[in-house]
Amino acid sequence: MTALRAGRADFNDREQGHILLRLDLSIIVATAALVALGSLVVYSATRGVLTEEDIPNRSVINKQLIFVGVGFVAAAGASIVDYRRIRAFVPLFYTASLLGLAGLFVFGSEFNNATSWYSLGFITLQPSEFAKLGLIVTMAAWFSHARSEKGLRFIDVLAGLALSGVLAALVLAQPDYGTVMVYGAIVAAIVMIAGVRPAHVVAVIGMLLVGLVYAFNTGQIQAYQIERFTAFADPDAQVRYNVNQSEIAIGSGGLRGSGLFNGTQNNNSLVPEKETDFIFSVLGEELGFVGGAAMLLLFGFLLLRIWRVAHLAENDFGRLICIGVFAMILFQAFQSVGMNMGMMPVTGIPLPLISAGGSSMITTLIAVGLVENVHAHRLR
Amino acid sequence: MEDSARLRLRILGVIAVSLFVALFGRLWYLQALQTEQLQEVATQNITRTIRTQAPRGRVLDVKGRVLVDNRLSTIVTVNREELRTALVDRGVRDSSEQQAFRNEMFTELARELSNSGQLTKLADLLRSYEDPSFTRFESVPVARDVDEDLLVFIGERPSVFPGVQVTQEVVRSYPYGDRAAHILGYVGSITGNELREKADTWTIPDPDDPEGARIPDPNGKPYRSNDEIGKLGVELFFEDDLRGVPGTRVIEVDNFSNFVRNVSTVSPRRGSDVVLTIDIDLQSRLEDELRRSLDIAREQVPEGDDPPYNAPAGTSVIMNPQDGSVLAMASYPTFKPSDFTEGLSFAQKEALDDPLAHQPLLNRAIAEIYPAASTFKPFTAIAAEVFEVFGWEFVEDFDVPTSDPGYWRLRSCAAGDSADLETARELGCVRRNAGDATMEGVDLRHSLTFSSDTYYYKLGEAFWIAPNEEIPDDGIQQIASEFGLGSSTGIQLPGEKAGLMPTAALKQERHLANPEAFPFGDWYSGDNAFVAIGQGDVAITPLQLVNAYSALANGGTVFSPNIARRVEPADGSDSIEFGARVLREVEIPETIKGEILDGLLGVTFQPKVQLDRPSGTAYNAFNRPEQGGVAFDLYNWPVAGKTGTAEVTGKADNALFVGFGPSGSDTWGTAVLEPEYAMVVLLEESGFGSGTAAPMVARVFDAIANEEIDRALTQDEVDEFYAVQSINDLAGADQ
């Protein structure tokens, strides 16, 4: 079917087929490939088998596969209902995100010194992941709305930043600096594509600096709080050790890798958090440059297709949604892989579609679903 | 979509592409350019190399009986780090609290060890635990050779004994108990000094380094702290052979150093066996006889104010004069090598160091020096014949009988010829026979048989006062040195002493080097006279003496004695044989060869042709059981020998006898035989050589001649014997 082919030819195609025929199949394939690759590596990182007699531990991978299933169903849902009708419910999403994050301070569970999770017995939910979706649609709605009237005014930019800032502040309070950075990347990309003027950017940065200096001088921000933000530039010995071990893992994989399940750095748990933040070290060690490059190419291809959908979008709202998802996946992939290879500071964020973790998996799949939605409804 | 939005989208695309380029670049750098280095690190990351000790080689006697073996011993070790971690995990963080827990734990451990039959003091455990030679990650042995049941008992109670492990290690065992202790030696933990000394052993030149750096020998046996090393005897001398090649076990570990799996195992290789020339049966008999002879010597009652016969120590060696192999070598007092494998207790250390213990670790046969006394005389006689002193001016020829007035008046003495005997004596110009004995018809044979000192004083002075171009001043010393007296024999045992063969030049040299210790530098004819009878500063080891007599017995071949016959590698490769090692051939003038042999035979034996003469100095020992001797079958097994009685200032004399047999003489109507046994006995502070030393030789040679050397009892048999004894005692007590 021509409608399924990518390219400019179908841009002018007036055919209105079934919703399933209007999806970008290549996005689905790339996403599914990344998820499959991720599941294999997560299994390798968590099976815990070292001798032939040992029984592999399947508890993590089984859970992960359930999340993948749930995620695909949710993504299907997110792609079917016309996103233009979602627009009216954006305030609801925003409020839900706000409440979800705020509720952590009452009902949240602390883990690794951060209160970022709701513990529901057999699973834990990370609201800051789901809130990314709220943030993306809110920002997309706000800036497409502001843009559609009299062009993007400075006050509109400030208002948008204030809306996102509230969510970011709640995540910051957990504290979860990594996710705040993802939020920042999403907002920055949306604001940029929405057409912010360079002067406004300079003004915003200036205001932020002045505010910081004021707050610092009046004692509202203590030095140690600043240090927390700059800590990644000067990691402690343990962090350096972890990154070092991750680099050793990736480097020792060489071009072809040690083979799935055969990584010694993986099997001996020399890299911490190897099924989540440091998942790429396992992939790099066991599948080598071939596997690592394949994964990067899949990400690159997925991002290219999302970027293309942003082009094709019927309206600014859809386009900005795509840009938000694009920025989210791009930033997370770059930060996570870069951190694993010792070129980015250590922050605890998952590698989208690869890392173990239900909230991230479901959130990313829904986000991809939203992009498909924009693609499916690119025609009036 | 307006153009600016398209532009901005493109900018975003460019940013994305550049980020991906950066990731690819880094990935390529790590996985293509850095792979080799990082793979090496990854391998080191997960492996640990554990050394496994190799069992040492065994030591066997000449008939293949195992004298030193290996056995498993159960030991209790404590790992300080594990103990500390266990305490911290329990919330015991305060160091004084930790110490309190430790003391409590060790008290409990001492109680359990004592209950299991090994009396153990808390202080001993703590002292072992605090041994600074162990790092905190190493397991410190605190008790050795404990009951095997503790393996289970302590293993089941990790909460009571955190960090305590009961394991088994290979240790030395001695099937014949303390037999041949000085020969076998003992092993112990390597000291820091030994470790430094051994640092360069087992290295080979680096083939890749032109500057001659050394790298570890891949087949070597490198040392680490707390390794076992030979400390004495054969264990020390053959350390490089006996030591096994340590094995290595490379294991994979996880992030917390927990064992994951074996990567590779190189099994330890047992060290080579050392086969000795010693016969343990003869050795046991010799040790028993030595102890018995000292007991007998102690029973003598000194005359008047003479020093008591303490007989604290003695030594005896039997060797084969035909090839220089040592058949038995005893030294008393002795020690138990097994005491060292279990680690010496404080009390044992003190006991060994006690002066009253008379240095039990000292092998007196090779590591203590004594005056040779009269046993030296044959060598003076040979020198006199070699340098033609016999027949020179006042010296009669060797076959001319003279009379011995009981003293020799030194010709060159300050008193001059005119002074009367008393004055000369006061001026130290007279050398006397023991007991001022007078003899008639003294020729060379007679002088040896009856041990005339005067005969040799005369020879000694003649050497000194004769013009040097005719007769060398140090002719006696030259000949004695050729027979190996006063220098190390080169036996395969550590710690051998050289002794001293004093000469005028040496005396001067020592005086100039250290005037305080040696206040006199001048050599007088009296000094030479003393050397002629093996007194003065003549200092030899008993092994040198028996080795020199072996040369007399075999016609002049001086050997470097062997105590090891061969080294047998455990892998079955060719063994290293130690054949007879000839040090030199000494020419004994044919003219007096028979005279000397006859003279020495006469010491023990009175042939029918000479029944008109008095008997030799050891006649009683070899002929009169009622005089403490044995009725020796000298006609079939003639023994040539020489008694010696060495004066030691302030103490009773050292008793000496050295001889060989069976050795006949055609002039005396016995069969001419090649002597197979040469033997020396030296008993400290035991009186006359004829009284205590000669009878011992007679008893041992008698047993050899009659093939009555009993099989040596093993330690197990001895233990069983004593166990039976004590049960009998108990039964007797019940009745």
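Helix H8 (177-194) of chain A packs against helix H1 (residues 3-33) of chain B at an angle of about 150°, with the axes 8 Å apart. That angle makes H8(A) roughly antiparallel to H1(B) (over 145 degrees between N-to-C directions). Axes here are lines fitted to C-alpha atoms over the stretch in contact, and helices are DSSP runs of H or I with at least four residues, numbered from the N terminus.

This is a predicted model, where local features need pLDDT of at least 70, side-chain atom pairs count only at pLDDT 80 or more, and totals for chains, interfaces and linings use all residues. Residues are numbered from 1 along each chain as its sequence is written, and chains are lettered from A in the order in which they are written.

- H8(A) brings Ala189(A), Met192(A) and Ile193(A), while H1(B) brings Ala5(B), Arg8(B), Leu9(B) and Leu12(B); contact puts C-beta atoms, placed from the backbone, within 7 Å.
- These residues divide into 6 nonpolar, no polar and 1 charged.

**A look along H1(B)**
- H1(B) has 31 residues and spans 43 Å from first to last C-alpha, close to the expected 45 Å.
- Buried residues of H1(B) include Leu9(B), Leu12(B) and Ala16(B) (20 or more other C-beta atoms within 10 Å of their own).
- The buried residues of H1(B) pack against H8, H11, H13 and H14 of chain A, together with helix H2 (35-45) of chain B.

**The wider interface**
- In total, 36 residues of chain A touch 30 residues of chain B.
- H13(A) gives the most to chain A's side, with 11 residues.

How values were computed
Contact = placed C-beta atoms within 7 Å. Helix = DSSP H or I, 4+ residues; strand = E, 2+ residues; numbered from the N terminus. Axes fitted to C-alpha atoms, helices over the stretch in contact; angles between N-to-C directions. Parallel < 35°, antiparallel > 145°, perpendicular 65-115°, else oblique. Nonpolar A, V, L, I, M, F, W, Y, C, P; charged D, E, K, R; others polar. Expected span 1.5 Å × (residues − 1). Buried ≥ 20, exposed ≤ 12 C-beta atoms within 10 Å, placed from the backbone.
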